Amino acid sequence: MAQTDNTRNNAAHRKHRTRRHGTPHPTTLRRTLRREAPSIVGLLVDERDFAAMRRYRTFPFDDHTAYLHQVEGLLKALAAQGTHATVALFDPEDYAEFCAESGIDADTGAGRSRFTAEIAAATVTYTGQRLSDLVPVLVSRAVRRATWEYATLRLTEVGDCADCGQDIGRAAFDRASHLILRLLETAGPGSHHLVCSVPTDHDQLMAVLHTHRDTTGPARLDGTEGAEFATVLAVAVALEARAGVVLRTSAPDSPDRVHGWRLADGGLAPLTAGEVFNAYCTDADTGEPVPPESGVEYCAGFDIGADAPEPHH
């Protein structure tokens, strides 16, 4: 009997050692998987959105400042565990609409989690930065995303040309891309910051593009920013609407130069130096003058050498 007990004990010991030194314990495996599973945290950035969520019984917070403190603590804890965490903007109105369309109970933590996971498009990766630094980037990214989606919808709604059947939205996007590339090509080397504004009936579409060219590389229109910028300008091209483009170029050992254009007949018509100064030194919201920056030259737009727009047949 003693020999049998010893045999069982030795077998159990070998099994334990195999689990410890060979195949990890299931609990350890689950912990490893949990660390490797990315986390998305939905954030209520302002008091208004926070107040809207308080109507749900299962929403546990009653103070926005305390809520932000807890979110920041959660992000730090996830980072300490080696978990990749991103932050998404949580919009209560979109959440209520999402739950109604999906047929799920909005007053549940599961509903909030599902919404965050499925809807989150514009996110910011948490790398240890303060929440006060992360929020402006998150809001800016969300606004850009919404602008892009709205501009894309407008291009889709334009439809085909009644005379030749051409997809007007696609043609406008191609035209806008050509204009931007010609502008960057003509601007030459340096760090370029472009802003495009397109007035609409209800608001103003705006897009921003940052790019850098060295002395040899060709102009390129890559990435999300480039697509967003081209889409916004394309809306004005397709609708034959008013639009303005401002280019600010920075180069070593020289003042920044600001140039401007307006959209006219499918092309970019240069503004005068005075028009550029007035556009750049006027508050877009109030119309009040803004003091000019020191070390900045306000210059007339230049001919970008774009091809003539193709007429519809």
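Residues are numbered from 1 along each chain as its sequence is written, and side-chain values use heavy atoms, with hydrogens and water left out.

Reader: How do you know how confident the predictor is in the protein chain?
Author: By pLDDT, the predictor's confidence in each residue, from 0 to 100. The chain has a mean pLDDT of 86, and 86% of its residues reach 70 or more.

Reader: What makes residues 1–9 a stretch to treat with care?
Author: Their pLDDT stays under 50, and the model gives them zero contacts beyond four places in sequence; a contact means heavy atoms within 4.5 Å. Where pLDDT is low, the predicted coordinates should not be read in detail.

Reader: What makes a set of residues a nonpolar core?
Author: Its members are buried Ala, Val, Leu, Ile, Met, Phe, Trp, Tyr and Cys residues, joined through side-chain atoms within 4.5 Å. Buried means under 20% relative accessible area, exposed over 50%, and partly exposed in between (1.4 Å probe, protein chains only). The largest such core here has 34 residues, and L183, L194, F229, V245 and L268 have the most contacts inside it. Its largest share, nine residues, comes from α9. Apart from it lies another core, of 26 residues, including F59 and Y126.

Reader: Why is α9 (223–239) called a helix?
Author: Helices are DSSP runs of H or I with at least four residues, strands are runs of E with at least two, and both are numbered from the N terminus.

Reader: Why are β1 and β2 said to pair?
Author: Two strands pair if DSSP finds at least two bridges between them. β1 and β2 (residues 85–89) have five bridges, in the parallel sense, so they pair. I40 stands opposite T86 in β2.

Reader: What makes β1 and β3 edge strands?
Author: The open sheet has the order β1-β2-β3, with mixed pairing. β1 (39–43) and β3 (123–125) each pair on one side only.

Technical notes. Predicted model: local features only at pLDDT ≥ 70, side-chain atom pairs only at ≥ 80, totals over all residues.
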